Structure formats: structure tokens, C-alpha cells
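Good morning, colleagues. Please have the sequence and the coordinates open as I speak.

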Amino acid sequence: MDMSYEAVMARKGEIMKRAIGIDYDEFESGSIAFDYERMMRETGYTLQEIQKIQSETNVGNTPLLELKNLTKLARKYAPKGKGARIFIKDEAANPSGSFKARRAATACYHAEKLGYKGVIAATSGNYGSAVASQAAMRGLRCIVVQECYDSRGVGQPEIIEKARKCEAFGAEVVQLTVGPELFYTFLVLLEETGYFNASLYSPFGIAGVETLGYEIAMQFREREGRDPDAVVVTNAGGGNLTGTARGLLKAGAQSKVIGASVDLSGLHMASDIQFNKKSFTTGHTGFGVPFATWPDRSDVPRSAARPLRYLDRYVTVNQGSVFYMTEALAQLEGIERGPAGNTSLAAAFYLAQEMDEDQIIVVQETEYTGAGKHIQPQLTFARKNGIEILIGDPSEEVPGKNIILPKDPGYIKAKDLDVDKLRKSYIRNCINNYKVEKVTEEDIKFLAEDTKSNEEFVKEVLDELGVKY
Amino acid sequence: MDAKKGDWVRIHNIVLKAGERSSNLPEDTQKVPLEMWVKGFLLNDEANIGDEVEIETYIGRRTKGKLIEINPRWEHDFGEVVPELLHIGRQLRAILEEDGE
């Protein structure tokens with residue numbers, strides 16, 4: 001068989017169909033629109049089924065912790081009467097140490113049910129060890145493909161730790177240098193092994209996160225007699241946000257869903273030189289923005305992770321503020337978590353100050369901390385790669401050049417991204433990628449839903465773009 | 001002889017040469033090959049660093065590549081002390097204690 005790059009990429013469709021068992025064509029309209037809800041319904045699982053699947057492998061029902069000292073600290077910087085109570089959902093309590101166990105649980109259950117011998121996941125993040133952990137419990141073989149090193153063979157300590165954890169659960173880890181052709185290696189392995197594609201973006205993967213949103217609502221009702229006012233989600237590929245928001249909706253909660261990413265603007269994600277200039281390998285704008293404005297760039301034909309569909313607000317924080325908050329969490333609350341997962345915590349610390357004292361803001365995940373995956377090794381690594389570490393005003397941080405730790409907690413700010421601009425960009429990407437000459441009525445309805453806007457907004461954007469409808 | 005059959009080793013491969021890479025890449029990445037590392041148990045009776053060898057990975061997959069390491073070690077750790085972090089805990093405690101609470 002022809003294993004050249006072009007030949008393998010040309011076989012992408014058939015490899016994918018065999019590896020995920022979903023015929024995505026069934027949900028297509030032939031134009032921009034596709035039936036998202038039907039895809040979620042017919043290929044996913046119900047919330048009750050997922051609760052059962054996840055409890056089989058000890059996933060979920062993680063503790064909800066009130067961060068009383070951080071709340072008190074936020075109130076020091078808030079106007080009188082402001083400073084919402086800050087809670088955190090301790091997802092590090094899942095078997096693999098992050099919320100990703102929820103996604104992996106459903107993917108591995110599904111793979112086992114369909115009779116696959118193993119699972120493959122393309123990820124440099126916590127998802128790899130989550131799949132490895134779930135695969136171990138279900139007796140499936142597991143391969144994790146990571147983008148890990150630059151061309152000097154220097155690897156991000158955070159990613160290397162995740163590789164170690166995958167191996168600890170008996171998985172094979174394939175490590176690559178920087179580049180989107182990771183997808184080529186991924187396809188080659190899927191074809192060679194016939195394993196299941198445990199994609200982060202499949203309907204069952206996303207449905208796996210719904211229990212997280214649902215649990216948050218239920219835990220708050222039991223504990224506080226009400227739903228939280230705002231839920232902050234660290235956003236990268238959009239699955240965490242999508243699943244959590246869907247779970248909240250299924251519980252009937254009206255909480256605002258706020259995405260938060262580390263600001264890495266200016267750094268190119270596929271650049272060999274810039275790869276090790278960043279001190280966050282996930283939860284950053286380098287994934288957050290492109291995946292929000294073009295979710296179907298993922299490893300499945302139609303991503304079930306569609307953050308713009310659910311997002312009420314999207315903020316960024318700088319690297320230094322997240323590192324500072326990670327230290328604050330340890331020093332004031334006595335728990336070591338993150339750092340990457342603390343992106344939403346840094347945002348929540350600022351957002352709480354805008355909210356009333358009797359309101360509740362919840363950070364919906366934590367992740368485990370370990371060697372390499374800790375502020376100290378990550379800052380050590382940054383310094384070795386020529387990044388300056390400063391104490392000052394984080395708003396002056398230049399990603400890839402310096403990391404500015406806030407002088408005091410009052411300097412921690414979350415900056416709003418213009419969500420309408422992201423919506424427009426998404427609509428433009430739909431037009432460009434599907435090369436439609438005329439947008440159908442169904443497309444307009446779909447685009448309004450997929451951007452949580454309305455038909456007038458979509459039509460305005462189409463007018464601006466000079467696209468007929 | 002550096003390694004014998006059954007040893008836990010790490011191999012290296014070039015997946016795509018510099019000229020074979022996707023055209024949709026930043027210039028610096030275009031200029032370098034796509035490289036790959038995998039670990040497994042050595043299948044050759046014996047081998048030296050630099051030899052082309054075959055391994056069986058932990059899950060039982062067979063693959064080939066250049067032998068680069070025997071009993072590969074994890075080198076990530078908790079890093080150096082970062083002096084810029086040291087004041088944070090004391091600073092935060094002082095702020096919380098400010099009005100004698």
C-alpha cells in the first residue's frame with residue numbers, strides 16, 4: 001500500500017469511517033448546515049447512560065470545593081458589596097487526574113462495545129493519560145500520539161510528564177516533533193492497527209463532559225439551594241465548554257458560561273522555533289480561537305465541540321497570572337493543581353470582583369500536578385528557552401518573550417475577546433470552506449444556532465461578505 | 001554490543017523529510033524533518049546505538065527505527081527554584097491579615 005503523505009491523506013475518509021464507526025454524511029445537508037442535535041442524539045448516549053458508563057470506571061462525582069480564602073482575597077480588590085463566592089470542581093479527583101477521564105470513559109466504552117481491540121488518541125494533553133487509564137480498566141490496548149519536541153529534540157516538560165503517565169497505564173506513546181502532519185502518523189497507526197479513533201471531538205467524547213455540567217448544577221442545588229451564576233471553563237478545543245454547557249442546560253440551569261484561555265497571541269502553533277517559547281501547552285488562545293472559529297478542523301469530519309454555540313463570554317488571561325494563581329491556590333487553599341487548568345481560576349478571580357457578594361462563580365475543573373507539570377519546572381523551562389520572568393503588570397506580557405507575574409493580586413485581569421468578531425470569523429470560515437455560492441435558509445438557521453446569535457446577525461455578516469442568500 | 005534482545009529501548013525515525021512536509025507550515029518548520037520516537041522491547045538478538053532495529057512496543061505492536069537509548073530515563077523533574085515565586089505566599093498571607101481578621 002502507498003504510505004506516502006499524499007496517499008494516506010487521500011484515504012482519510014475511509015480510514016476515519018472505519019476507526020470511529022460514524023457515517024457523518026447522514027447528518028449533512030449538502031451545504032453549510034448539518035444536524036448537530038440529531039448527530040448528538042443518534043451517535044451519543046443519554047445523560048443517564050453516561051452516568052452509568054462513567055460510574056463503571058470510577059469517573060465523575062468529584063468534590064465541589066469552596067475557595068474561601070481566594071474569595072476573601074478577591075473581595076480585597078472588589079468594590080464594596082462585590083466579590084462573588086468562588087468554587088472549584090475538583091476534577092483532578094478523576095482516575096487519570098483530570099476531567100478528560102469523562103471524555104475518555106465514553107470513548108473507551110464505545111470502542112469496547114463495538115469490538116475494537118484498542119484505541120488511539122492524538123493529544124499532547126491530559127486526554128492521553130485519560131484514554132490510557134480508561135483503556136487499562138476496559139482491557140483495551142492504547143496508543144497515544146503526541147506532539148512533544150522541537151527539532152533540537154527538546155520537549156515541553158508538561159507533555160513529557162503526560163507521556164510518562166500514559167506509559168504508567170500501559171499505553172504506547174508515539175512522540176513527534178512539531179507539525180500538523182501528526183495527523184498523518186495518526187492515520188497510519190489507525191490503518192495499521194484497526195483501532196478505534198478515541199477522538200476528543202466525537203459525539204460520545206463531548207457527551208461524556210455533559211455529566212460535569214449536570215453535576216455542578218445538582219451539587220449546587222443540594223448545597224446552596226440554587227444554581228451558580230457563572231461557570232468559567234478553560235477553553236482550548238472547545239469540548240470542555242460545549243459538554244459542560246450542554247450538561248448545565250440538561251439540568252435546566254441558566255448559569256452564564258464563560259470561556260477562558262491563556263493569551264498566547266503572536267505565537268504560531270506550528271512553528272518549530274516558537275514551540276518551546278510558550279509555557280502553556282493547552283488552554284490557550286492558539287487552540288481556543290482557531291477551534292472556536294473553525295471547529296471542523298479537528299480529527300473528525302464534524303466536531304461535536306462547538307464552543308460558539310454555548311459561549312456567553314470569552315476572556316483571556318496572561319501566563320504570569322495563571323502561574324501566580326496556581327501558587328495562590330497552593331498557598332491559601334492548600335491544594336496543588338494545574339497550572340493549565342487554573343486558567344479559568346485566574347479569570348474567575350477577576351470576574352468574581354465584578355459580581356455581587358451573594359453570587360456564585362464556579363471554576364469547573366482542576367487537573368493533577370506532577371513533575372514537569374508544575375509552575376517551577378515550567379518556569380525553569382521558560383527561562384532556559386530565553387523567556388524573561390518578571391514581576392510587574394501582566395498586561396505588558398509579550399507571549400514568547402516574557403512572563404510577567406502580577407505585582408499583587410490586583411493586577412490579575414481578564415480581558416474580553418470580542419465574541420461577535422469570532423462569530424463573524426466562524427461564518428466567514430464556513431463560506432470559504434464549503435465554497436457555497438448561495439447560502440440556504442437552513443444554513444442561516446444553522447449559523448444562528450451555531451453562533452448563539454440570531455438570523456439578523458447572520459444576514460448582516462453575509463451582507464458584509466457579499467454572499468447571496 | 002550495547003543492547004540485547006528484550007531490553008527496553010527507544011528508537012527514532014524520520015517520518016517526513018524536510019522537502020516532504022505539508023506546504024501549509026511556517027518556514028522554520030518547513031526546513032526541518034518530522035521526527036518520531038517510540039519505545040519498546042528490542043527484538044534483534046543484539047544491537048548497538050545507531051543500528052536499525054525492530055522493537056515490540058508495550059502493547060505488542062512491532063515497529064522499526066534507529067536505536068538511540070537503552071532503558072530510557074525520564075528526565076523531567078520539579079525544576080530549579082524560581083526566586084520570583086518565593087514571595088507570593090507571604091505576600092498573600094500579609095494581604096489577608098491586613099485588617100486584623
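Let me begin with the domains. Chain A is assigned domain 1, covering 5–54 + 98–200, domain 2, covering 58–96 + 204–416, and domain 3, covering 428–465. Please bear in mind throughout that this is a predicted model. Between domain 2 and domain 3 of chain A, the centres taken over C-alpha atoms lie 30 Å apart. Seven residues from domain 2 of chain A and five residues from domain 3 of chain A make up the contact between them. On the domain 2 side, the residues touching domain 3 of chain A are four nonpolar, one polar and two charged.

Which residues of helix 17 of chain A are buried? In this helix, residues 441–450, they are Asp443(A), Ile444(A), Phe446(A), Leu447(A) and Asp450(A). Viewed down the axis of helix 17 of chain A, these buried residues fall within an arc of 165°, and therefore they line one face of the helix. Their cover includes helix 16 (419–434) and helix 18 (455–465) of chain A. Just after helix 17 of chain A comes Lys452(A), whose phi is positive, at about 50°.

Next, the core. The largest nonpolar core contains 164 residues. The residues with the most contacts inside this core are Cys108(A), Val119(A), Val131(A), Val232(A), Phe349(A), Leu351(A) and Ile361(A). Helix 10 of chain A, residues 203–224, gives the most to the core, with nine residues. As a general remark, nonpolar side chains tend to be buried together in soluble globular proteins. What does Leu351(A) touch, if residues up to four places away in sequence are not counted? The list is Ala230(A), Val232(A), Ile258(A), Ile361(A) and Ala414(A).

Chain A has an open sheet of seven strands in the order 1-2-10-7-8-9-13, with mixed pairing. Its edge strands are strand 1 (64–66) and strand 13 (415–416) of chain A, and each of these pairs on one side only. Within the sheet, strand 7 of chain A, residues 230–234, runs parallel to strand 10 of chain A, residues 360–363, and three bridges join them. Val231(A) is found opposite Val362(A) of strand 10 of chain A.

I now come to the interface between the chains. There, 48 residues of chain A are in contact with 34 residues of chain B. On the chain A side, several elements each supply at least two residues, among them helix 5 (68–76), strand 4 (141–149), helix 8 (157–168), strand 5 (172–177) and helix 13 (319–333) of chain A. The residues of chain A that touch chain B comprise 22 nonpolar, 16 polar and 10 charged.

The two chains also meet through strand pairing. Strand 5 of chain A is joined by two bridges to strand 3 of chain B, residues 34–42, and the two run antiparallel. Here Leu176(A) has Met36(B) as its bridge partner. How many of the nine residues of strand 3 of chain B are buried? Eight of them are, and the strand is mostly covered.

Strand 2 of chain B, residues 8–16, pairs with strand 3 of chain B in the antiparallel sense over eight bridges. In that pairing Ile14(B) stands opposite Glu35(B). Strand 5 of chain B, residues 52–56, also pairs with strand 3 of chain B in the antiparallel sense, over two bridges. There, Leu42(B) has Ile55(B) as its bridge partner.

Beyond its neighbours within four places in sequence, Phe27(A) contacts Phe34(A), Asp35(A), Arg38(A), Met39(A) and Arg302(A). Glu6(A), by contrast, sits in helix 1 of chain A, residues 5–10. Glu6(A) counts as exposed, because it has 10 C-beta neighbours inside 10 Å, and the limit for exposed residues is 12 or fewer.

Definitions and conventions:
Residues are numbered from 1 along each chain as its sequence is written. Chains are lettered from A and ligands numbered from 1 in the order in which they are written. This is a predicted model: local features need pLDDT of at least 70, side-chain atom pairs count only at pLDDT 80 or more; totals for chains, interfaces and linings use all residues. Domain bounds come from an automatic or database domain assignment. Two residues are in contact if their C-beta atoms, placed from the backbone, lie within 7 Å. Ala, Val, Leu, Ile, Met, Phe, Trp, Tyr, Cys and Pro count as nonpolar, Asp, Glu, Lys and Arg as charged, and the others, Gly among them, as polar. Helices (H or I, at least four residues) and strands (E, at least two) are DSSP runs, numbered from the N terminus. Two strands pair if DSSP finds at least two bridges between them. A residue is buried if 20 or more other C-beta atoms lie within 10 Å of its own, exposed if 12 or fewer, and partly exposed in between; C-beta atoms are placed from the backbone. The arc is that of the directions from the helix axis to the C-beta atoms. A nonpolar core is a set of buried Ala, Val, Leu, Ile, Met, Phe, Trp, Tyr and Cys residues joined through C-beta atoms within 7 Å.
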